[in-house]
Amino acid sequence: MENSYIRIHHRRPFALVAMVLIVLLGLISMQAKPVHAASVPKLVVTTPTANAFVPDRIFVRVTVNSQVPIAETKAAAGSLPAVNLTKQTAFCGSSCEYTGWVDVSSLPWGNFNLNLTATDVDGGNSAPLAIALKHNNVPVIHPDAPLPFEVADPNLPVDISCTDDDPDTSCSSLKLSINGKLLASGTNAIKETVSAEQWIGQAATVQLSATDASGLTSSQSYPIYVEDVSNLTAISKEAGVVLDTDASRTLLWNAYDHRLRIRHRDTNEAETLPLLVAEQTRLNVKLIPGGVIGSAYDATGTDLPDGYYRKGLDPRGIYSSFIWRDGQLQAIAADDIRVNGGWAAYHAPGSGLRELTLQNTSTGNAVSVGFTDRNDYVLDDHGTLVFAREGKLFRYADGAASQITPNDGFVYRTPVMDDGVLLYARDNSSTLVVERDGVAEELTGASSVAGDYMTAGGWIGYTVYTEAGQKQLWLRSPEGEDVQLMPTSTADSHFITLSAAGEAAYTYDGGVWLSLVQEDGSRLPSERIVTDKAKVYWEDGWQVYLGTTWYEVPGTDPGTDPGTDPGTDPGTDPGTDPGTDPGTDPGTDPEPTADLDGDGQVNLNDVIEFLRTYGTKKGQLHFDPKADFDSDGIIGKKDLKAFVKAGHFGPQVKKALQNAIDVIADQMDVK
């Protein structure tokens, strides 16, 4: 028993000592452990990677791991002020992502450090993190030619240069290809002419690439036209897509720097509108006195560098309507703007009934015409407006609107008009109605589909679909005679426009075809003149806008026919036949001019003078050598064309003058 007691007695002190040691060690451990040791922010950088070449703006992406919420995360490039990065998710636990853009454009070319820091709400800072980078932009391509939508005919002038931000070197390579085939190369510049003949009539894409001494490469690609335009005369080549022209101005859109400009051709000065138009989607802008009116997607305020923008799923920018006049841009609440002569018409944005407005583009005065529930309205150059509302058509003229279709249960729509002729569709019976001088009649067999009919100068262009499914294009003269245009057998053939003389432009098999009329009234076989990507219209001859070039179809401008240029026929030049006018000095006749009364102005008085002299011969009363443009001693039809061209008269004056001369010609044998 004694031995057992002694053993138990000795064990108890050892157990107490062990318990005390355990408690002390626990207390020491608790005191030695920092409260927030695990909460020091730790940074993991995803973008940019170390030692990378970076441009003027850097996108930074960093993940911050911390048990304590983060107050701020910053990025500082070199000695520049730090930029706050933005937290990407409101609730992200202990691992959160921060991103932002850092502008380093003010740093010199070369190496710098990107310093990143994070601070938590308790003031704890991350360990310093520096990423070594090199400020080095890709080389910049400067294309003066070709620009997007330029025309290779099929030769293509090339004028391209390249610059780099490395102060000690320049570009090492510059290349131009078309559809993947290398055609020209250089180092800092290419200036030569290449042939694109193998792509005539095909889709063609210019591809540009430039490389600098560091191996950085930039590239650009954009569409061009490759077309045989030997049957067209180039009027002007522009630094942008030609949208509209008048007597002295050209409206263009540069698809490379995204600017709308008005070029004054007499001074070569340009007005640049304060808009950034990235694409042609719903681009509708027209010249007016003193400026332009129209609508476009404006990408101002977006990060849109120079270079052709390939349209994405959504248009780039905000669609807006505006008037630019005398250097000022004014926003207008307008949609579907139509311009004709000195007038513009547009309706308020939105759906349902929308207010329709007519504006005098010279004075800026605008009046409310009424309300329309669809985009069906047509405007003539006198300011007359025909529009649809609730299935009926109304005409606005002389300050008042009146209904012009009956209340017969039919739906009337899609009006077109010109010179007293109004065409419109009548639904439920799919009928095309022709109204002349207030008398309406059906055009039997004609399609009433929008775009299938048009009118000009009393002529009517209409479409017929045969029982066999063939699509035919027809013309009806003011006298009621019909002629079919050939060829027009493809389903995508359609009218583009008519001239007052009954000539027609239409599409067929991927091209624009012209049906022209000779002076004797006979019609020439239709001829293809250009790709159907071109815009074609009649104004003192057939005009063609293809990309960056404005063309004219030779021989269709009054006064340009062979023999109308004074002196082109050696036998008709005054003085070449010494016996044509006995007793006169062959050099005394004055030069032909449209200013027949000599007052320094070309106006109605000169028209009256021309009518007085028309039909006379040299030596007869009223003969005026100033009106004898072809110098043949007779004031005839060729002189009429030359007089009209020299006087720059509007279409209404030209038509009235022709009508008056037709009356004279009926009474006289005038050629």
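Mentor: Leaving aside its neighbours within four places in sequence, Val64 is in contact (heavy atoms within 4.5 Å) with Pro41, Lys42, Leu43, Ile70, Thr73, Ser94, Ser95, Cys96, Tyr98 and Ala118. This is a predicted model: local features need pLDDT of at least 70, side-chain atom pairs count only at pLDDT 80 or more, and totals for chains, interfaces and linings use all residues. Residues are numbered from 1 along each chain as its sequence is written, and side-chain values use heavy atoms, with hydrogens and water left out.

Trainee: Is Val64 buried or exposed?

Mentor: Buried means under 20% relative accessible area, exposed over 50%, partly exposed in between (1.4 Å probe, protein chains only). Val64 has a relative accessible area of 2%, so Val64 is buried. Of the 671 residues of the protein, 42% count as buried.

Trainee: Which strand holds Val64?

Mentor: Helices (H or I, at least four residues) and strands (E, at least two) are DSSP runs, numbered from the N terminus. Val64 lies in strand S3, residues 57-65. The protein has 4 helices and 49 strands.

Trainee: How far apart in space are Val64 and Ser126?

Mentor: C-alpha to C-alpha, 9.1 Å; in sequence, 62 residues separate Val64 and Ser126. Now the protein as a whole: of contacts between residues at least 6 apart in sequence, 48% join residues at least 24 apart.

Trainee: In what order do the strands of the open sheet run?

Mentor: Strands of a sheet pair through backbone hydrogen bonds, either parallel or antiparallel. Here, two strands pair if DSSP finds at least two bridges between them. The order is S23-S24-S25-S26, with antiparallel pairing. Strand S23 (284-288) and strand S26 (328-331) are the edges, each pairing on one side only.

Trainee: Over how many bridges do S24 and S25 pair?

Mentor: Strand S24 (residues 291-298) and strand S25 (residues 318-325) pair over 8 bridges, in the antiparallel sense. Take Asp298: its bridge partner in S25 is Ile318.

Trainee: Where is the pLDDT below 50?

Mentor: pLDDT is the predictor's confidence in each residue, from 0 to 100. The protein averages 86, and 85% of the residues score at least 70. Over residues 27-37 the pLDDT is below 50, and this stretch has 1 contact beyond near neighbours in sequence. Residues 559-588 are also below 50, with 27 such contacts in the model. Where pLDDT is low, the predicted coordinates should not be read in detail.
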